[in-house]
Amino acid sequence: MSQSYDRGLIEDFGRWREFSAGMWAWVFHKFTGWVLIGYLFTHIAVLSTSFQGATTYNNTLTGLESLAVVRLMEVGLLAVAVFHILNGVRLLFVDLGVGLESQDKSFYASLVLTGVIVVASVPTFLSGVF
């Protein structure tokens with residue numbers, strides 16, 4: 001006969017406060033990876049308009065670049081890509097045994113560096129839209 005267990009609530013939202021920096025790094029890395037995979041399909045869809053001719057492709061790009069929401073999404077894509085790259089490099093060093101004692105600090109450094117790069121790039125991405 002099988003036993004049943006009382007597992008409590010399916011989702012206890014209080015547990016998010018208990019996450020350490022390593023857990024947040026894992027969550028953000030997985031999230032940014034999925035966002036990049038989603039962007040890949042969007043990128044392929046836009047590139048596929050080139051099969052219909054150069055004018056269709058150029059009109060598609062011109063139409064997308066004129067939308068402010070697309071430019072803001074590009075800034076978000078930059079943030080996602082930069083964090084994913086920096087966190088991946090951090091994980092590479094950790095796997096090699098370098099910086100094992102300072103994983104939290106390197107995670108926070110990757111967040112700060114991502115923020116600096118994104119903020120510095122905002123004028124370039126949003127030029128000509130507003």
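A residue is called buried when its relative accessible area is under 20%, exposed when it is over 50%, and partly exposed in between (1.4 Å probe, protein chains only). The structure on display is a predicted model, in which local features need pLDDT of at least 70 and side-chain atom pairs count only at pLDDT 80 or more, while totals for chains, interfaces and linings use all residues. Residues are numbered from 1 along each chain as its sequence is written, and side-chain values use heavy atoms, with hydrogens and water left out.

Begin with the whole chain. It contains four helices and zero strands, where helices (H or I, at least four residues) and strands (E, at least two) are DSSP runs numbered from the N terminus. Of the 130 residues, 18% are buried.

Next, select Leu-47, which belongs to helix 1. Leu-47 is partly exposed because its relative accessible area is 36%.

Now turn to the largest pocket, whose volume is about 530 Å³. Select Tyr-39, Thr-42, Val-70, Glu-74 and Leu-77, the closest to the pocket's centre among its 16 lining residues. Helix 1 (21-47), helix 2 (54-65) and helix 3 each give two or more residues to this lining. A pocket is an open set of points on a 1 Å grid over the protein atoms alone, where a 1.4 Å probe fits, with protein on both sides within 12 Å along at least five of seven lines; lining residues have an atom within 4 Å of a point. The lining comprises 11 nonpolar, three polar and two charged residues.

Finally, select Leu-96, in the loop between helix 3 (68-95) and helix 4 (103-126). Leu-96 counts as exposed because its relative accessibility is 61%.

Definitions and conventions: Points joined across faces, edges and corners; volume = space filled by probe spheres on them. Nonpolar A, V, L, I, M, F, W, Y, C, P; charged D, E, K, R; others polar.
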